[in-house]
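Open the model in your viewer and keep the selection tool ready. We will go stop by stop.

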Amino acid sequence: MTCRMRWLGTGVTAAMTGTAMAALLLLATPVAAQEKGSHALALHGKPKYGPDFQHLDYVNPDAPKGGEVKLMAFGGFDNLNPFILRGQAAAGSGLPFETLTTSNGDEAITEYGLLAETIQVADDRSWVAFTLRPEARFHDGKPVTVDDVIWSFDTLREKGHPVYRTYYADVTKAEKTGERTVKFSFRDGNNPELPVIMGQLPVLPKHAFADRDFATTTLEPLVGSGPYKVADVQAGRAITYERVKDWWAKDLPINRGRYNFDRIRYDYYRDLDVAFEAFKAGAYDFRLENSSKNWTTGYNVPAVQNGQIVKEELKHEDPQGMQAFAFNIRRPIFQDRRVREALNYLFDYEWTRANLSYGLYQRTRSYFANTELASTGLPSPAELKLLEPFRGQIPDEVFTKPYEPPKTDASGNIRGNLRTALGLLKDAGWELKNGKLVNAQGQPFRFEILLVQADMERIVQPFVRNLERAGIEAQIRVVDSAQYQNRTDNFDYDMIIERFAQSLSPGNEQRDYWESSRADQPGSRNAIGIRNPAIDKLVETLIAAPDREALITATRALDRVLLWNWYVIPHWHDTVYRVAYWNRFSHPAVAPKYGLGFTDSWWIDAEKNAKLANSARRTAP
């Protein structure tokens, strides 16, 4: 999976929860042999859109531009540079910036030229070259140059978020090979996603950083080349972006019908319940609803009943990854696999789904949920070939049992699961004495569950009560977003709720999730603290997979080893977006297969907007 840099989240980690692209690179045509290169990289087969396409199928090329949309963000921010570890990046802070290539919501495995007009890849995949568009300009009018590309690559690797060092680890050289052409050379041809990764390099203006430290947080707007630029900043409270009317790329086929709002404003809330009530009062326009309680019971208000607010479920095919209670196995109490398995038996998912989730979701059974990459049943012969060398180093169940998380009958009676859990804990050296679980030294089993969203307490509290029945003392601690980011960046927690986002084609980013080298690297996504040589080798096998079939096999093998190590307590996932919005918008009849596409392809409908304004005046007190 490669990182898409034009994100709408709050920082690098959030950025990478969107659809991302990577895997075996199979060019649609032998690009390396072409003098002018190709307009796109198709990871399998041919790109959907040929070199003469006019617009994406899921957009309205004639969508009207205009209006302001107000959105909600949670917590606060103190930084407008989304490419560094320090600080909290503002919501939407990737909007002003562009990459060499770009993906779309129609295809999971294709990249099209953006700043780059054409792309060439060596036959042996040892290098990739990008030729820049001559018309590409930064917001200050200066051209985007090869020097900017090389400076961006060097700076991100040296001073950017640590994830860039991971992504670019196998790139040996960046060089100018023509007036508008930059070439990236690789250590070898064994990492087939690298051409795609380099295409997703954000390109920043070298001249704009001549007198500033790139690694320092800033609230001064940065110069980019994207469809929006920062218009107004209210530190920690709100940020507004305005559409660049003379944006150099507005007429490119890949961009027609996109980025239709003149202004996008994010207002920050520190309480999600307050934010929900603010939406229903009209304080902001659009809401992606992640609370089953809100969706089922919270919209029984006149604005929904009379059509002022629209509730809509939009089907998608996005990979769902893994959301879960994640153990920090850097902590001694969680280093024994039997302990982690025991705590899985104490989370009553079936009761939670029936009583707190209103039956909306389905249990997650894979780190690659909702994709063909997810492991099921017993290992295939091809998987066994990869797993056999690690027999004795990985759990025996990997070879003998299909993975299933513990189940209950949803009644709330977990007596059977409790017995199993206590048996596992006893085997691991813990005894229940006078209602308290203690080890041989008499030390109690005690840990903290760190949260950033107070509304998750309703999910966590029943789990805590079940832990208490096993003599375990678990404390819930809710902190603000700044403290949460600082603590998670530095792995200062016992357990958190984490989402391991995935793509249809996993690759380099798996190093940052699972490999030993990332376990102690601040800001890495190895939230669990895994140091497992077998997993390290499986990740490298996955990255070097020579074709799609081999990639699927390696991913399923990795999935099994992760699951049977009980590193997490899986939660749930879904295959629809649940959205609510004030009825002033229209969107194309054809939705993107991957991603929601709100700020990408929706627009303000003048007729609906006028009708909504009239109805608001009639109902005003």
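Here, a residue counts as exposed when its relative accessible area is over 50%, and as buried when that area is under 20%. Keep in mind that this model is predicted.

**Stop one: helix 12.** Select residues 415–427. Helix 12 has 13 residues and reaches 19 Å from its first C-alpha to its last, close to the 18 Å expected. Now colour its buried residues: N417, L418, A421, L424 and L425. They cover an arc of only 130 degrees around the axis, so they lie on the same side of helix 12. In general, an α-helix has 3.6 residues a turn, so residues three or four places apart point the same way.

Which exposed residues does the face turned away from the buried side carry? Select R415, R419, K426 and D427.

Next, show what covers the buried residues of helix 12. Among the covering elements are helix 8 (337–345), strand 19 (436–438) and helix 13 (457–469). Then step past the end of helix 12 to G429, where phi is positive, near 100 degrees.

**Stop two: helix 16.** Select residues 533–543. Buried here are A534, I535, D536, L538, V539, L542 and I543. Their cover includes helix 10 (381–387), helix 15 (509–514) and helix 17 (548–564). Zoom in on the start of helix 16: a side-chain oxygen of N532 comes within 3.0 Å of the backbone nitrogen of A534.

**Stop three: rings.** The whole structure holds 49 aromatic pairs. Select Y269, F276, F279, Y284, W295, Y299 and W582, a cluster linked by ring pairs.

Finish with two charges over rings. K183 lies over the face of W127, 4.9 Å from the ring centre. The charged end of R330 sits over the ring of F491, at 3.7 Å from its centre.

Definitions and conventions: Residues are numbered from 1 along each chain as its sequence is written. This is a predicted model: local features need pLDDT of at least 70, side-chain atom pairs count only at pLDDT 80 or more; totals for chains, interfaces and linings use all residues. Side-chain values use heavy atoms; hydrogens and water are left out. Helices (H or I, at least four residues) and strands (E, at least two) are DSSP runs, numbered from the N terminus. The expected span of a helix is 1.5 Å times one less than its number of residues. Buried means under 20% relative accessible area, exposed over 50%, partly exposed in between (1.4 Å probe, protein chains only). The arc is that of the directions from the helix axis to the C-beta atoms. Contact means heavy atoms within 4.5 Å. A polar contact is a pair of N or O atoms within 3.5 Å; within protein, one must be able to donate a hydrogen and the other to accept it, and residues adjacent in sequence count only if both atoms are side-chain atoms. Rings of Phe, Tyr and Trp (its six-membered ring) pair if their centres lie within 6.5 Å; planes under 30 degrees apart count as stacked, over 60 as edge-to-face and the rest as tilted. A charge sits over a ring if NZ of Lys or CZ of Arg is within 6 Å of the ring centre and within 35 degrees of the ring normal.
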